[in-house]
Amino acid sequence: MADAAARLTNLVEELFGTPFPLRLRTWDGSTAGPPGGPVLVVRHRRALRRLLWRPGEVGLARGWVAGELDVDGDLYTALDQLTAFAARRRGTIGLSPRDPRQRAALRALIGLAGLLPPPPPPPEEVRRSAGVSHTRRRDRAAISHHYDVGNEFYALVLGPSMVYSCAYWDTATVTAPDGSRTGFTLEDAQRAKLDLVCRKLDLQQGMRLLDVGCGWGSMALHAAREYGVRVTGVTLSREQADHARKRVADAGLADRVEIRVQDYRDVRDGPYDAVSSIGMAEHVGAAPYLEYARQLRALLRPGGRLLNHQIARRPERAGSVYQVDEFIDRYVFPDGELSPLGSTVSALERAGFEVRDVESIREHYALTLRRWVARLEDGWERAVVLATPGRARVWRLYMAASALAFEHGRIGVNQVLAVNTPPGGASGLPLRTRTWTG
């Protein structure tokens with residue numbers, strides 16, 4: 001009798017003490033739950049074994065990446081409903097729940113799953129290494145895991161701009177939640193972001209710009225082509241550097257743009273007139289952040305500007321300890337850490353910078369991520385060939401969940417403009433700075 005979906009729904013509701021919001025379809029073809037919305041598909045009972053051996057986010061992530069869990073219908077709605085379900089649950093799966101009904105439900109769930117030895121993690125998972133994080137060698141490995149998955153894969157997701165950070169949308173044209181409206185494309189929004197950074201840095205002909213974490217060279221190319229500056233871009237990803245160098249050569253800008261495979265801590269050829277760090281500081285880590293800020297200030301001439309574009313998390317409640325997101329750490333950004341905005345500003349000030357402007361562009365990142373997800377879904381068959389099915393599933397889940405996190409204000413992204421103000425106090429900024437936002 002095909003009734004696994006109904007049995008599983010009842011067991012989950014018994015264990016968690018609250019109605020399960022999604023319709024379920026299980027490996028035996030049965031369905032249960034509210035109709036009309038997205039369907040959570042459990043393709044194999046192995047997904048249940050993963051959750052029983054590793055309850056929570058890691059177990060769910062492993063089932064998703066392995067293709068044992070899926071969603072039919074709108075992924076954003078499903079993730080929203082699952083997040084709300086987790087937040088309001090009254091119980092939890094434990095090894096020895098005191099409630100006899102939960103004990104019975106847990107035994108029944110084990111019977112439904114077939115509790116054999118735990119399935120091995122998908123090959124896309126990175127195990128957290130022991131030892132000190134954010135050494136040069138470990139940072140190179142983390143960057144390689146995230147970025148060296150094929151430039152063609154990233155081109156499919158990011159589009160021709162090859163910019164892997166928050167775009168800057170024209171609010172006069174963006175009206176739908178996914179940012180879909182004619183007249184302002186993803187390319188337009190990424191170009192607007194790069195130009196915003198250049199204007200905040202007040203780039204002028206002949207200046208020297210250091211682009212830390214230069215990616216595939218988009219910022220370097222834009223600054224050299226549109227503002228006539230000389231740019232040094234540094235990245236730890238060889239695949240990024242190879243692609244960026246080709247773009248530079250094709251644009252005829254090799255005399256103005258140099259792309260290096262180099263750690264920012266090893267840059268010694270300052271002073272620069274300006275430094276851009278766009279979506280790179282999330283890789284630095286909380287403990288080394290002050291060193292990062294001091295190094296960038298040491299590379300700037302007196303009066304030079306830093307534009308630090310960085311994702312931020314909410315501060316922890318009193319008495320709480322920050323826990324790195326396990327899915328992100330194992331599948332997306334190994335050793336990546338998010339800091340609250342206040343911590344970032346404090347570190348920059350402690351390093352000797354004068355912070356002159358902070359602009360939150362949180363909603364812009366939600367719009368950007370939805371566009372990336374749409375591009376990935378539209379090119380799905382090609383994406384799984386360019387990467388792996390598991391890697392493509394990691395990126396789809398990561399970007400969709402991140403879009404919702406930005407929309408709901410669980411995380412944000414900020415551009416912090418800081419100046420290496422000389423002892424005399426002449427910052428070089430106009431009395432009113434917000435003219436750059438248009």
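Colleague: Where is Asp 202 found?

Modeller: Asp 202 sits in the loop between α8 and β5 (208-212). Helices here are DSSP runs of H or I with at least four residues, strands are runs of E with at least two, and both are numbered from the N terminus. This is a predicted model, where local features need pLDDT of at least 70, side-chain atom pairs count only at pLDDT 80 or more, and totals for chains, interfaces and linings use all residues. Residues are numbered from 1 along each chain as its sequence is written, and side-chain values use heavy atoms, with hydrogens and water left out.

Colleague: What is phi of Asp 202 near?

Modeller: Near 55°, a positive value in a residue other than glycine. Most residues other than glycine have a negative phi.

Colleague: Is Asp 202 buried, exposed or partly exposed?

Modeller: Partly exposed, because its relative accessibility is 34%. Buried means under 20% relative accessible area, exposed over 50%, partly exposed in between (1.4 Å probe, protein chains only).

Colleague: And Met 162, what is its phi near?

Modeller: Phi of Met 162 is positive too, near 50°. Met 162 lies in the loop between α7 (151-158) and α8 (186-200). Met 162 counts as buried because its relative accessibility is 5%.

Colleague: New topic. Which residues does a cis peptide bond join?

Modeller: Gly 270 and Pro 271, with omega about 5°. Pro 271 is in the loop between β7 (257-261) and β8 (272-278).

Colleague: Why does Ala 61 count as buried?

Modeller: Because Ala 61 has 4% relative accessibility. Ala 61 belongs to helix α3. Leaving aside neighbours within four places in sequence, Ala 61 is in contact (heavy atoms within 4.5 Å) with Phe 327 and Tyr 331.
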